[in-house]
Every structure is written in structure tokens, then in C-alpha cells.
Amino acid sequence: MIDYSKKFTLDREFYPSKFIDASIESDRGRILSAPAFRRLQKRTQVFALELNASIRTRLTHSLEVGQTARFIAKTIFTKLKKEGLEKYKLDELENAFVSTAEMTSLLHDIGNPPFGHFAEQTINKWMNNNALPILEGFESSSTQMKELKGMLAKDICNYDGNAQAIRVITKLQRLNLSYTQILSVLKYTRGAFEDKVKGGELDYLRKKPGFYYSEKDFIEKIQKTLDVKPGHRFPITYIMEAADDISYLTADLEDSVEKGILSLDEVYIMIKKECEKEGEDYLLELIDDKYEKAKKNEAPYQFSMFFTLFRAQLVTSLVYHVVDIYIDNHEAIFNGEFNSALLEYDKKSKYYKAIEILQNISVKYIYQNKDVQELELQGYSIVNGLLNIYKPLIELSSDDFSALLQDERIDCFLSMRLIKRVSEKQIVAYQNDVKLLAKEETERYEILEWYYRVRLLTDYISGMTDDFSLKEFQILSAI
């Protein structure tokens, strides 16, 4: 039975509202006022350290995704009204449904590190080469301790912006969002400490890490509260994912023209050739129509007119397409067991090949562009370099690190200076995690305290903006 009243609740950790609309508006205000949200304006979408304000950042991308999600959610609601909203216990939840989809989309990239996905790989490689050897040095006298070390080894080498988003929302920013809003951000349902899934039930939903060991208990708690089974998704998350996928399709091409990597004519010719090669008529007719209309304008306006017209019609068509898929698979989506992205589900639709063509063009002509890859290499040097600089903090014993936080002198003079540069909020998050270990036996305490210290290091580096990380690297490298 589909009953949305079980999903949209008043539950939150502290100070719950008395009414659902008040709760939703409270979430909206907390998200839009969050420093972590504002910092997205200085994070890479594709082009790092970009001075041209017309080029998308993580913030402007998130705003676009939020609008598309709102469009999808409102269209779903309009269609469900024809069936009778009371059938799904949605008759008083339109604002909650639409706003949660929009706000989830604004939050979806809040855990991404500086320099984008390339930095995720950089962090994981560094952890594998530098942190794992330290973890191996801890005693594991029992099978239970060996299993714990194995889980934590996977966890620290599986940094992911989606999992970090949950940590930012709950621990680092302490936004105290509703359980509904938090769980809707959980895009993938596998813990970073769990093995990768290849095939089988819910394999798509579990293909990437969605949360860390440090947030495991809290995720289980809100899943139980909102009646979402382990490994399953919150229904609104499908809308956020679809909005993100749709927004990517033209944005990077548009930015590449703005930056001068491609021209409007080159983009048109590329898409046209690929469509003819693949026998794809929908996209070919769409670009021919919009290109001809754009060319009737003065030269400076042709580029913006083409993408405005092209984007508007493509987004509208794809929104109605994913809405139909949502409605047709409503029960599976509500139960969080629909094992696919909405946009990828119908591989026989006229849109699927069009989507593939646009994605492939972006990969070939933008992501593999030498200037873009040069920026990624710079990002690798910066993130890797910062991790190396701050490595002494995870080489200390738990006693020395505790003394360090109490401003006591220790033998490592470098760590005494490095810790002063770490954000106080991130240190408090570490301390709160460690407080929960007070009753643990010594061996387990030592391992978990160190794990939370690794989280502290990762929180600090991944929480930087592109320009701040560059400046910090230059200062500490004396460049």
C-alpha cells in the first residue's frame, strides 16, 4: 500500500515542528542558510578555478537541478491528482512533496570535494597508500577486531561525495533537518564499509557508497522511523537523481562554448553527425529546428538562443518521460526497490539514444579535453599534497592526539601547528564521535578513535573550496 504520510513525518533529532508545512519550510531555511551550501559557489563543476562567472559551479548546477526536480515533482503531483490524492495519503502533502524534491536537489552535491570527482579518486588512492598501512599496524587479537579493521579499511578508501553529503548534513553542519529530508539525500544505499555489489537484487541502488561507518547507526535509525528497508531508497531520491541526470545533458556543452573550447557550429555538427551515424531522429530534428531559429538572430545571441531553445524543449520532454516512468512504477518506487535511474529505465524509448549521444559527446570532447585534464592534474597535486602535509595528524597515538586537542605539548611539533588550521566545527564532530567510544575496550577504542581522526582529516580537506585549497597548498608548500 502506498501511504506517503509514513514518509513525510515531523521526526527530526531536536525541536520537531508541530505541523508538516512548518517542518518543510524549516528545512528549506536551514539548507539555504547553510555555509556548506554557499561554499558550492567555489567548487568545480567541470572547469576548476574558473574566473568567468557565466560558467557553472556546483552551486549554479544545484540550482538548475533543484528547478528541474521541482518541475518533475509538480508534474507527478498533477498526474496523481487525477487518480485521487487521498488514495496515496497525499491530499495535504503537495508542498512537502515538491519542496523536499527541490531541497534534496540543492543538497545533492554538498559533499563533493574541491576539483570534483577527480579529487574523490585522489583521496581514495592516498588513503590506500598512506592510511591503510597505519591501520594494519593496530593490534587485532580477535576475529571481531579483524572484521572491524576490514570494514574500516574499505570505508576510508571509499570516499564518495554522496556519502560525505550525509556526514556534512548531520555531523559537520548539524542542520537538524527532518528525517524525511535527510533520507531523501541518500542516493546510494550501500555503506562504504560494505563490499561492492555486482549483479543481484538492488545492485543499482548499491553500486556506490551512500554513507560511512560513522553514520551507520543514524541511517539505520531514520530508515526504521520512515519505514524504509535497508538497501532501499526513499522515493523522492529518484526525482533528485533524474533531475541531476537531465541537467547534465546540455550544461557542459553550453559551458564549453562559453569557454571557447567548442563553437556553436562545432557542437551542432558533432551532434548532427552522431545522430546520423546512430540513426537517431528525435535529437536530430530537435537540433536542426533550434539551430535554424538561433541562426536568425544576431551573431552574439545565436549561441545563447540555441541552448535556451534546445535546453527548454529537451528538459520538458525528458521531465514528462521520467514522470510517466515514476507513475507506471509507482509502488516499486515508493517502496524504494525500483532498481534503476528513471532516465535509464526505458532503453527502447526515443530518448534513450539521444541521451547516450549527448553523454558521449561530453566525454569525448569536453572531459577528455587537454585543458580540462590539465586542471584535474593540478587538482590532484593540490589535494594529494594537502593530504601529505596533514598526514602527521593520523600518525599520532590516540593519547598524543588527545593532548594536542587540549593544547598540551607533544613531541611532534609539526602536528601542534597543523591542528590549529583545522576547522573547529570539524574537530567538535570528531570529539562527539569519540565520546561515544568511552565504554569501548582499549583495542577497539584505539582503532575507532583513529578511524574518526581519518574522518576528521577527510572532512577538512574535502570541505575546502577550490581556491581555498589552492591557497592552503601554496602557503604550506612555500610556493
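This is a short walk through the structure, from its overall build to a few single residues.

The model is a predicted one. Start with the whole chain. The protein has 23 helices and two strands. Its radius of gyration is 24 Å, close to the 23 Å that the globule rule gives for 479 residues, so the protein is as compact as a globular protein of that length. The C-alpha trace spans about 70 × 55 × 40 Å along the principal axes. Of the 479 residues, 57% are buried.

The relative accessible area of aspartate 21 is 38%. Residues count as exposed only over 50% and as buried under 20%. Aspartate 21 is therefore partly exposed. A patch member needs over 30% relative accessible area, and aspartate 21, at 38%, has that.

Next come two loops. The loop between helix H4 (94–107) and helix H5 (116–136) holds phenylalanine 115. The backbone deserves a look here. Phenylalanine 115 has a phi near 70 degrees, a positive value in a residue other than glycine. Is phenylalanine 115 buried or exposed? Its relative accessible area is 6%, so phenylalanine 115 is buried.

Asparagine 176 is not a glycine, yet its phi is positive, at about 50 degrees. With a relative accessible area of 15%, asparagine 176 is buried. The cut-off for that word is under 20%.

Move on to a helix. Helix H10 runs over residues 235–259, and threonine 250 is found in it. From threonine 250, look across to arginine 421. The two residues are 171 apart in sequence. In space, their C-alpha atoms are 40 Å apart.

Key
Residues are numbered from 1 along each chain as its sequence is written. This is a predicted model: local features need pLDDT of at least 70, side-chain atom pairs count only at pLDDT 80 or more; totals for chains, interfaces and linings use all residues. Side-chain values use heavy atoms; hydrogens and water are left out. Buried means under 20% relative accessible area, exposed over 50%, partly exposed in between (1.4 Å probe, protein chains only). Helices (H or I, at least four residues) and strands (E, at least two) are DSSP runs, numbered from the N terminus. The radius of gyration is taken over C-alpha atoms; the globule rule is 2.2 Å times the number of residues to the power 0.38.
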